[in-house]
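Trainee: I would like to learn how to read a structure like this. Please take me through it feature by feature.

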Amino acid sequence: MKLSELKSVLASTSELVFTLPNGTIVPKHFHVTEVGQVTKHFIDCGGTIRNESVVNFQLWEANDFDHRLAPKKLMDIISLSENKLGLKDAEIEVEYQSDTIGKYGLNYENGKFILTSKQTDCLASDSCGIPAEKQKIKLSDLSKVSSNCCTPGSGCC
């Protein structure tokens, strides 16, 4: 989800509910402690220099169980961030504390924000020697082979 999409959803929602990939709901007393533009300038294993940029939100929960962040307040935080930081309309990455700081993508479905799992990947698999994944097929899907194909003298083996 891009920042523009988030703002559109926030304009029409009355409650902020964030769900982790395992279905656990982030406690309703969470805070948004950081909003920023994170740029990563790097070189991949194939030697290509790359730049990636995301809008980053950090969710944090404290022991103030009466805290509730309203969609309007989050819009105000985003607006302030856009004005002060010059945020671009980029994909959103959400940080949330579990065993370690987790980084998630963001979707919106059925009135809930869904934190989606992110995966590492080789960006230069065509040039760094990673073999292409083999096609997986079931033996039962193969066509039947004639039973006399490999008999001596049949000429097929």
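Mentor: The largest cavity has a volume of about 50 Å³. This is a predicted model, in which local features need pLDDT of at least 70 and side-chain atom pairs count only at pLDDT 80 or more, while totals for chains, interfaces and linings use all residues. Residues are numbered from 1 along each chain as its sequence is written, and side-chain values use heavy atoms, with hydrogens and water left out.

Trainee: What counts as a cavity, and what as a pocket?

Mentor: Rolling a probe the size of a water molecule over the atoms shows where empty space is left. On a 1 Å grid over the protein atoms alone, a cavity is a set of points where a 1.4 Å probe fits but cannot get out; a pocket is an open set with protein on both sides within 12 Å along at least five of seven lines. Lining residues have an atom within 4 Å of a point. Points are joined across faces, edges and corners, and a volume is the space filled by probe spheres set on them. Here the count is one cavity of 30 Å³ or more.

Trainee: Which residues line the largest cavity?

Mentor: The lining consists of L6, F18, V32, F57, L59, L74, V94 and L106. By class, eight are nonpolar, none polar and none charged. Ala, Val, Leu, Ile, Met, Phe, Trp, Tyr, Cys and Pro count as nonpolar, Asp, Glu, Lys and Arg as charged, and the others, Gly among them, as polar.

Trainee: How many residues of each class line the largest pocket?

Mentor: Its lining has seven nonpolar, four polar and eight charged residues. The largest pocket holds about 600 Å³ of space. Of its 19 lining residues, K40, E52, V54, E93 and K118 lie nearest its centre. The elements that give two or more residues to this lining are β2, β3, β4 and β5 (101-109).

Trainee: What is the order of the strands in the sheet?

Mentor: Strands (E, at least two residues) and helices (H or I, at least four) are DSSP runs, numbered from the N terminus. Two strands pair if DSSP finds at least two bridges between them. In this model an open sheet of six strands has the order β1-β6-β5-β4-β3-β2, with mixed pairing. β1 (18-19) and β2 stand at the edges with a single partner strand each, so one side of each has no neighbour in the sheet.

Trainee: Which way does β3 run against its partners, parallel or antiparallel?

Mentor: β2 (residues 30-43) and β3 (residues 49-61) run antiparallel, joined by 13 bridges; one pairs V35 with F57 of β3. These two strands form a hairpin with five residues between them, and G47 in the turn has a positive phi of about 90°. With β4 (residues 92-97), β3 runs parallel through five bridges, and V55 has I92 of β4 as its bridge partner.

Trainee: Is N56 buried or exposed?

Mentor: Buried means under 20% relative accessible area, exposed over 50%, and partly exposed in between (1.4 Å probe, protein chains only). N56 lies in strand β3 and counts as buried because its relative accessibility is 4%. A polar contact is a pair of N or O atoms within 3.5 Å; within protein, one must be able to donate a hydrogen and the other to accept it, and residues adjacent in sequence count only if both atoms are side-chain atoms. The N56 side chain makes such contacts with the side chains of E93 (3.3 Å) and E95 (3.4 Å).
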